[in-house]
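Take a walk through this structure, one stop at a time.

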Amino acid sequence: IRFTIVGIPLNLLDVLIGCGFLYCLIHYRGLRVSHAYGWMAVTFLIIGLSAVVISDAKLDALGLYKSYLLAPIMVGAMIQMVRPKFQHVIQALGYCLLFVGAITLLQWLTSYGIPAPWNVGNFDVRMTSVFEYPNAVGLLAAPIVALSMAWIIHEQKQRIFFLIVASVGMLAIGLSHSDGAVAAIIIAVTFAFLF
């Protein structure tokens, strides 16, 4: 969902991240992040802003700056601020993935609701769940599966729930044939074992 406010192109995700960040700032009475994260965030923001300044297409560069630097840094800060309740965040994401995975499985069983051109062929059919294209399933599922696997590796509580979430997520990724998501999960889980 895209729109413009005061000439600035935005989307619903930008607004949700901004509102969530503002809520965290108010609720936790300021920005509470580690010094290392703060320095890295400021460094990335300055480097990115300098790239925007020297760019010929400043408006496009500013959009990329907002989407690929500012928003992820705000999300990282929010995760650090809500860290004592981080289990609830991962659980909510897990329930979201269970829903998307159930729709993906239903599509696979019934072949209903798969948009063209993803519904052509026998082995090339790619499930899309609630999305318009199959890679969106992987984009949603990969980080949630990786977080669930990291939780299983490092925590003792609710391992069964997160194992179910990871299994359903991997099934959804497999049915959508999202190879990039598989590679991302392998790398993320490797890092979870190492650190």
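Start at Ser148, which touches Phe162, Val165 and Ala166, leaving aside residues up to four places away in sequence. Ser148 sits in helix H5. Its relative accessible area is 0%, so Ser148 counts as buried. Bear in mind that this is a predicted model.

Now step back to the whole protein chain. It has 7 helices and 2 strands. Along the sequence, the pattern reads β-β-α-α-α-α-α-α-α. The C-alpha atoms fill a box of roughly 50 × 45 × 30 Å along the principal axes. Of the 195 residues, 34% count as buried. Take the contacts between residues at least 6 apart in sequence: 61% of these join residues at least 24 apart.

Next, look at a pair of helices. Helix H2 spans residues 35-54, and helix H3 spans residues 58-81. Their axes come within 9 Å and cross at roughly 175°. An angle over 145 degrees counts as roughly antiparallel, and H2 and H3 are therefore roughly antiparallel to each other. Who makes the contact? On the H2 side, the residues include Tyr37, Phe44, Leu49 and Val53. On the H3 side, they include Lys58, Leu62, Tyr65, Ile73 and Gln80. By class, the contact has 16 nonpolar, 3 polar and 1 charged residues.

Stay with H3. This helix has 24 residues. From its first C-alpha to its last, H3 reaches 32 Å, close to the 34 Å expected at 1.5 Å a residue. H3 also has a kink of about 35°, centred on Lys66. Lys66 is itself among the buried residues of H3. Others on that list include Ala61, Leu69, Met74, Gly76 and Met81. What do the buried residues of H3 pack against? Their partners are strand E2 (8-11), helix H1 (12-27) and H2.

Move on to the loop between helix H4 (86-110) and helix H5 (135-154), where Pro117 is found. The peptide bond from Ala116 to Pro117 is cis, with omega near 5°. Ser129 has its place in the loop between H4 and H5 as well. Its phi is near 55°, a positive value in a residue other than glycine. Is Ser129 buried or exposed? Its relative accessible area is 6%, under the 20% cut-off, so Ser129 is buried.

Val125 lies in the loop between H4 and H5 too. At 15% relative accessibility, Val125 counts as buried. Which residues does Val125 touch, not counting those up to four places away in sequence? They are Ile114, Trp118, Asn119, Val120, Leu175 and His177. Val125 and Ile73 are 52 residues apart in sequence, and 36 Å separate their C-alpha atoms.

The last stop is His177, one of the residues that Val125 touches. His177 lies in the loop between helix H6 (159-176) and helix H7 (179-194). Phi of His177 is near 55°, again a positive value in a residue other than glycine. Relative accessibility is 36% here, so His177 counts as partly exposed.

Notes
Residues numbered from 1 in each chain as written. Predicted model: local features only at pLDDT ≥ 70, side-chain atom pairs only at ≥ 80, totals over all residues. Heavy atoms only, no water. Axes fitted to C-alpha atoms, helices over the stretch in contact; angles between N-to-C directions. Helix = DSSP H or I, 4+ residues; strand = E, 2+ residues; numbered from the N terminus. Parallel < 35°, antiparallel > 145°, perpendicular 65-115°, else oblique. Contact = heavy atoms within 4.5 Å. Nonpolar A, V, L, I, M, F, W, Y, C, P; charged D, E, K, R; others polar. Expected span 1.5 Å × (residues − 1). Bend = angle between axes of the 7 residues up to and from the residue. Buried < 20%, exposed > 50% of the residue type's maximum accessible area, 1.4 Å probe, protein only.
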